[in-house]
Structure formats: structure tokens, C-alpha cells
Amino acid sequence: MGKRRSGRELLRSLSKKQKKHLREFGEEHPFYDKLCLLLLLHSCFPFQSENSDKSSAESDSEAEVEQVSVYHKLLATLKTSPESESEEEEDESESEAAGESEAEMDTEGSQETGEADGGEEDKNDTPEEEEGTDTAEQMLSQEQADGADAPCDPRHGVIEEFTDVKHESEFSLETNFMEEESGDCSADKRYSNPFKQHMDKELKEKEIEKMATLPKTSSQSQWPRLGQLTFSSTLEKHKILKADKEVDVKQLYLHKPLESTWPKVNKHFLPSVTKPSESPFTPLQRELFCIMNTYRDLFYPERNALTNGEEIQHAYCLHALNHVLKANAQVLSNNAKRRDRKPGTDTDDYRDQGLTRPKVLMIVPFRESALRIVHIFINLLEVNDKKKIDVSNKKRFKGEFGSDPEEKPPNLKRPEDYEAVFAGNIDDHFRIGVAILQKSMRLYAPFYSSDIIIASPLGIRTVIGAEGEKKRDFDFLSSIEILIIDQADIYLMQNWEHVLHLMKHINLLPLDSHGVDFSRVRMLNLNNWSKYYRQTLLFSALQDPQINSVFNKHCFNYVGQVAIRNMPLSGSISHVVVQLPHVFRRLEAESIASVIDARFQFFITNVLPEYRDAIMSHTLIYVPSYFDYVRLRNYFKKEDLNFTHICEYTKKAGVCRARRFFLKGEKQFLLFTERFHFYKRYTIKGIKNLIFYGLPTYSHFYSEICNMMKATDNGVDATWTCTVLYSKYDAQKLAAVVGIDRTAQMLQSKKNVHLFVTGEN
């Protein structure tokens with residue numbers, strides 16, 4: 001009787017939505033909507049760092065205590081708000097209405113119920129407008145996104161970030177010496193070129209003034225695999241880079257173990273039949289690594305998750321690990337020399353360190369990327385099966401950064417590029433320090449004891465904090481020598497402000513000494529010239545003005561920058577298989593800052609009136625920017641237009657309802673955001689008229705949206721239309737859609753351009 005009574009009390013405490021889920025599935029709804037909470041925090045609300053967020057440098061103990069369920073904490077916060085209960089009742093009615101229409105939708109509707117297990121479906125449980133700000137931030141800070149088994153204090157609800165403090169002395173650079181059997185102690189050539197050439201270069205104040213004031217000069221060259229290269233520099237003028245046709249591993253000055261391990265690690269990218277004398281690099285890797293090895297900044301905007309993503313990842317991991325091993329070998333070798341030196345010897349010969357230990361910062365979007373990088377490091381350090389390296393906290397790392405293949409529903413069908421980008425653990429709030437010393441690797445090392453830091457933009461932002469916050473730390477970024485930003489295009493879909501915030505706080509003078517021996521610090525660090533020695537490697541799937549701005553305005557490498565600038569010939573419009581007239585309408589704007597207002601006025605004045613007639617029903621408006629979407633949504637409400645809307649924060653029931661209304665023609669317009677398409681890739685049925693409020697960030701989204709028209713059961717309709725708004729500031733996006741030749745013609749002419757393109761063109 002007591003059990004039955006307690007069960008009734010538990011049932012009363014549940015909301016209607018929870019009761020419905022309990023009846024349908026026989027279990028409590030799992031809290032899997034972490035992605036939407038992160039996305040909501042990314043774009044809508046000002047960032048707040050919680051006291052519970054601990055940086056790796058501050059964590060000094062690990063307590064194995066029972067962890068409070070994050071789901072129950074979220075329920076507790078929701079029950080305190082009277083508004084949330086009314087919202088849940090409304091959501092339940094929407095869910096029931098949407099459930100009745102599931103049969104009328106495509107078979108994709110049945111897949112939507114299970115997609116959340118893969119981390120991508122139920123993101124829409126987050127409110128769309130200004131509700132739940134504090135709750136989202138509190139839950140985000142409590143989760144810490146660093147693993148389910150992170151220790152916490154259930155009495156206070158605070159989850160402490162785990163860092164390894166047990167192996168501090170073993171991985172200390174100050175107290176260790178070079179092992180004789182490694183053979184690196186007596187051979188300075190092992191870490192001389194090009195590492196030593198770059199780091200030992202002593203710049204003069206006049207050269208620093210030149211780089212700070214004078215513009216860069218540029219020159220171009222054509223490489224066999226990379227294509228068109230633009231080399232720019234202030235100090236080195238009119239220098240032409242030439243690609244090496246053949247690369248001998250011994251000529252690359254790789255650290256000793258990497259010479260033997262790299263060919264084995266990289267062999268699955270090479271042809272099956274390879275002679276021992278052939279290069280262990282693919283043509284793409286060879287040309288990329290030749291640039292990396294000169295310590296120039298590099299921007300490669302043709303990274304593709306399907307084709308060359310892993311290939312590029314292996315190349316920059318080799319470069320980063322080679323740099324760390326050389327730097328640490330130099331420190332350990334000098335430790336032995338200092339130990340054996342005679343009293344009174346000058347100590348300036350041993351300046352081999354920065355103000356803080358971290359040398360490499362790797363920014364990646366998801367935990368899956370961090371997992372792959374660490375696995376590459378381990379494989380590169382293991383000479384053979386008999387000589388395996390000692391990796392601390394490896395089991396914990398696999399548990400927190402790995403994924404369960406069974407979590408993904410088998411009936412989920414999405415494009416191949418979507419599957420490649422969102423493979424594995426797609427949590428985007430993480431950071432981890434990695435320390436490497438000779439034959440050992442230490443995961444979860446405190447930041448100030450790490451050689452390499454792997455983090456997401458959000459993960460590093462929570463440590464840096466914002467101005468005015470008590471707990472913030474960015475001293476560990478003061479001596480970063482290599483910055484790698486991989487898959488930069490994805491950060492445009494998350495929050496680009498996190499990347500800009502990082503670039504503003506890297507290579508600044510630390511506020512504390514952190515126990516550094518100033519007699520070992522390089523003069524370039526003491527002079528606050530670290531940013532002029534930092535190499536930045538930037539990889540993206542596309543060229544975008546915001547990404548270009550970071551490369552042009554935040555990279556100060558004295559050796560110069562190399563950017564790949566290949567323009568598309570055909571564009572994604574050639575992949576449109578629907579016979580459809582494309583009308584490109586040009587809008588005029590005085591400056592790039594005025595484009596937003598000019599686009600809105602052009603749309604409501606010249607475009608929208610043509611579609612107000614009831615004949616122009618089933619009109620989908622594709623909006624790349626969320627802020628433009630909010631502006632249009634408010635205008636449509638004000639004008640009392642018959643429309644519905646879907647964005648990345650729309651709840652699942654709202655998405656189903658909007659799709660049903662649009663398909664049946666009950667709503668004339670559908671506002672549709674680019675980020676929703678990026679994270680979901682739903683097929684929207686019933687489109688007869690298509691308006692691109694702006695050109696898509698990803699060019700292949702253009703053909704994908706256009707090809708959705710063929711999903712309508714009625715077949716091809718002669719009245720279908722497609723209208724695209726563009727300005728002269730959209731040159732790069734326009735070239736990716738229509739090709740470089742058409743772009744040049746369209747930018748020269750101020751008239752509207754009409755194209756009739758099919759897949760055969």
C-alpha cells in the first residue's frame with residue numbers, strides 16, 4: 001500500500017507532457033536535449049560564467065561521489081516557474097495535434113521520434129523567444145559537459161571538472177632530463193630546422209613597428225594540388241613559394257619517433273601498393289605540410305568532411321606533435337646542461353620556454369574530433385606494438401569523449417555530408433589538457449601543466465570568461481605557439497563570437513607568474529611579441545567574410561601568411577535537378593554595415609508585395625540569419641500575414657504543426673532558418689515558390705532546398721518560382737552558387753538576372 005501511495009505521489013508530481021511520455025514509452029523521458037540548450041545559450045543570451053565552472057588549472061582533486069541526475073535538476077527548475085506549466089500544457093495539445101497528422105506527412109515523421117537518441121532531433125524543446133534564460137545557463141554550468149561520471153557534490157549541486165594531479169612530478173619539464181636512449185640529447189640538429197630557425201629568430205623593434213603599421217604585400221603562385229596560393233607578408237616581399245614534388249621524411253626534420261611511425265599511421269590514405277621509397281604523404285598532405293613546416297600561417301577553405309577531412313587532420317596533428325616534442329626535447333636537454341654547468345656560466349643560453357607551458361591550442365567543434373586527435377597522437381608516439389606509451393586516464397577519456405553506436409536510430413536517413421559532420425559524440429562544450437613527455441602522455445592535465453589544449457569554442461570561452469567576472473582565466477593562452485582552428489565553418493552555425501573572444505585573449509601578457517623561471521623564458525615572450533611568432537592554421541569548408549577577417553586581422557606571423565584562393569567554376573546551381581526559373585534580384589547598399597537594413601527594405605517593398613496574392617501560396621522563405629528571421633517574423637505578425645515559421649529553437653510539436661499547415665496550404669508563407677536546416681535536414685514538402693532572403697552559407701544548401709520541390713506529389717509545376725536576393729558584398733557566396741564567370745557578369749550589371757538551370761547545365 002505504501003509503494004502504491006508513493007507511486008501516486010510521484011505521478012502527481014509529473015507534468016502532463018511527462019505523463020504522456022510515461023504512458024507511451026513506459027519510462028521517464030531522458031534528458032538528451034543538451035544540444036539545444038547549448039545552441040540557445042550560444043546565440044540568444046549574453047554569456048555568463050558560473051562559479052561551478054572550474055578551469056583545468058584550478059582543479060586539484062577528484063571525489064567519486066554519487067552524481068545527481070541533470071534531468072531531475074532541470075525538472076526542479078521548471079516546476080518553480082508557473083509559466084512553464086502552462087507552456088507544457090500547450091505543448092501537449094500541440095503534440096496531440098501533430099500526432100494526428102503524422103500519417104499525412106512523409107515517412108520521415110516516424111524517424112523523427114527516434115532521432116533524438118542520436119543527439120540531433122529533440123533540440124527544439126528549448127523555448128524560441130525570451131523564456132528560460134537563467135535555467136539554461138544554470139543547467140549548462142552544472143553539466144560542465146565533461147563526462148557523465150564527473151565528480152560532484154550532491155548537497156550543493158556543483159559538478160567539479162576532473163583534472164589529473166597525481167602525475168604532476170612525472171610530467172614536469174623542470175625536474176626531468178632527456179633520456180639517453182632517445183638519442184635526441186646529443187643531436188641539436190634533431191630540433192634545429194625549421195623549429196629552431198623560427199623560434200630563435202630575434203626580431204628588432206623596427207620590424208615590429210613595420211608589421212604593426214605597414215600593409216602586407218602579396219604574391220600568387222600555382223601549386224599542383226592546392227591550386228591558387230596567395231602569399232602575404234610585411235617583412236618578406238615578393239617571395240614565391242614552390243611546391244616540393246617529392247618529400248623525404250628525413251628532410252622534414254621530424255622528431256625521431258615520428259620518422260618511423262608516420263608512414264604506418266598514414267598508410268591507409270595512400271595507395272594500396274606503395275614502394276618503400278615513395279613519399280608517406282598524399283599529394284594534399286605533402287603540400288599542406290610543406291607550408292606548415294615553414295611556420296607560416298595557413299588558411300585552407302576546401303576542407304571536406306567526406307573526402308579530405310581526416311587526411312588534413314592527420315597532417316596538422318603530425319605538425320603539432322612534432323613541434324611539442326622538439327620544444328620539450330630542447331627544455332630537457334638544457335636541464336641536463338644546466339645541471340652539469342660550471343658556476344658563473346651565463347644562463348641566457350638556456351632561454352627555451354614561454355611564460356606558460358601550453359604551446360599548442362587546437363579548436364575543434366565536437367568531442368568526436370578531440371577523440372580522433374588524441375588517438376592520432378597515441379598512434380604517432382607508439383613505435384611498435386611492443387613499445388606502447390603510457391597514457392594516463394585513457395579509460396576515462398574514452399568514456400567521456402566516445403559514443404555508443406547503438407544510440408543512433410537505424411532508420412535515420414540524412415545526406416552523407418551530414419552523417420560525416422555529426423558522427424560520434426557531438427557535444428560542443430569541452431576542453432582537455434594533454435601533457436607529453438618522452439614516452440608518456442597525460443590526459444586531463446591542468447592547463448598550466450599541459451603542452452596541448454584541445455577545446456571547443458564554447459569550452460574555452462567558459463574558462464576565459466567575460467570582463468567583470470571574478471573567476472576568469474586566460475593566462476594559459478599567453479605563450480601559444482601554434483593555433484589550429486579546424487572546421488571553422490561549423491562555428492558560424494554555433495556562435496562565431498566565441499572565436500572572436502578567443503582571438504582577443506590569446507598571446508597576452510599573463511596576470512600572474514604561475515611559478516615560471518624567468519631565466520628560461522625567451523625574450524620574445526618577455527617583450528610581449530608572442531603573437532608575431534604564433535602560427536595559425538585555419539581549416540574551413542568554405543570561404544566566408546567572417547573567417548577571412550580572422551585570418552587577415554588576427555594573424556601577425558612575421559614569416560607571413562598563405563591562403564588558398566580557388567574560385568568555383570560551375571557552382572551548386574548545376575546540381576538543381578528541378579526545372580526551375582531562378583531570378584537573382586540585386587539590392588543596393590552603401591556599405592556592408594547597411595546591407596541588413598537595405599535587404600529588409602528591399603524585401604518588403606519590392607519582393608513581398610508580389611507574393612501577397614493568394615495565388616502565390618506555398619512560399620518558403622529561406623533566411624540565413626536568425627536575427628533577420630526574428631525581424632521578418634515580427635513584421636509578418638504586425639502585417640497579419642498568413643504564415644508559419646520554423647527555426648532552430650522551434651519545439652518539435654511546432655515543427656510538425658508548421659510542416660502540416662504548409663503542406664496543406666493552410667499557411668501561405670513558411671519562414672525557414674538556415675541553422676535549422678543545418679542541424680536537422682528535414683525535407684519540406686509542398687514548396688511551390690521559393691525566396692532566398694540571403695544566399696546560403698553552404699552553397700550546396702541552395703540545390704538541396706531547390707530540389708525539395710520535387711518532393712511534392714503533384715510533380716513539376718510550370719508556375720514554380722525561385723527568387724534570390726543578393727548584393728555586391730555577397731560575391732563569395734554568389735560565386736559558390738552560380739560560378740565565378742556568372743558572378744562577374746552579375747556584379748557588373750545592376751539588372752535582375754534570370755537563369756533557367758537544370759542538372760544538365
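View 1. Met523 counts as partly exposed because its relative accessibility is 43%; the class lies between buried (under 20% relative accessible area) and exposed (over 50%), with a 1.4 Å probe and protein chains only. The model is predicted: local features need pLDDT of at least 70, side-chain atom pairs count only at pLDDT 80 or more, and totals for chains, interfaces and linings use all residues. Residues are numbered from 1 along each chain as its sequence is written, and side-chain values use heavy atoms, with hydrogens and water left out. Met523 sits in helix H19 (residues 523–526). Helices (H or I, at least four residues) and strands (E, at least two) are DSSP runs, numbered from the N terminus. Together, Phe518, Met523 and Leu526 make a nonpolar surface patch of about 270 Å². Patch residues have over 30% relative accessible area and no salt bridge; nonpolar side chains (Val, Leu, Ile, Met, Phe, Trp, Tyr) are joined within 5 Å, like charges within 9 Å. Areas follow the Shrake-Rupley method with a 1.4 Å probe; for residues, only the protein chains shown count as cover.

View 2. In H14 (residues 394–401), Arg396, Phe397, Glu400 and Phe401 are buried. Seen down the helix axis, these buried residues fall within an arc of 110°, so they line one face of H14. The arc is taken from the directions from the helix axis to the C-beta atoms. Lys395 and Gly399 are exposed on the other side. The buried residues of H14 pack against helix H13 (367–381), strand E8 (431–437) and strand E9 (440–443). Contact here means heavy atoms within 4.5 Å.

View 3. Asn393 is in the loop between strand E7 (390–392) and H14. Its phi is near 60°, a positive value in a residue other than glycine. Asn393 is partly exposed, at 23% relative accessibility.

View 4. Asp451 and Arg357 join through their side chains in a salt bridge (2.9 Å, N to O). The pair links distant parts of the chain, 94 residues apart. Asp451 is in the loop between E9 and strand E10 (452–455), and Arg357 in the loop between helix H12 (309–340) and strand E6 (360–363). Both residues are buried. A salt bridge is a side-chain nitrogen of Lys or Arg within 4 Å of a carboxyl oxygen of Asp or Glu. The count by this rule is 19 salt bridges.

**View 5. The Lys388 and Glu382 salt bridge.** The closest N and O atoms of Lys388 and Glu382 are 3.8 Å apart in this salt bridge. Lys388 is exposed, with a relative accessible area of 54%. Glu382 is buried, at 16%.

**View 6. Asp730 meets Arg599.** A salt bridge joins the side chains of Asp730 and Arg599 (3.2 Å, N to O). These partners also link distant parts of the chain, 131 residues apart. Asp730 is in the loop between strand E19 (721–726) and helix H26 (731–738), whereas Arg599 is in helix H21 (residues 595–611). Asp730 is buried at 13% relative accessibility. Arg599 is buried too, at 8%.

**View 7. Thr743 and its contacts.** Thr743 lies in helix H27 (residues 740–748). At 3% relative accessibility, Thr743 is buried. Leaving aside neighbours within four places in sequence, Thr743 contacts Ala731, Leu734, Ala735 and Val738. A polar atom of the Thr743 side chain lies 3.3 Å from the backbone nitrogen of Ala735.

Notes: A polar contact is a pair of N or O atoms within 3.5 Å; within protein, one must be able to donate a hydrogen and the other to accept it, and residues adjacent in sequence count only if both atoms are side-chain atoms.
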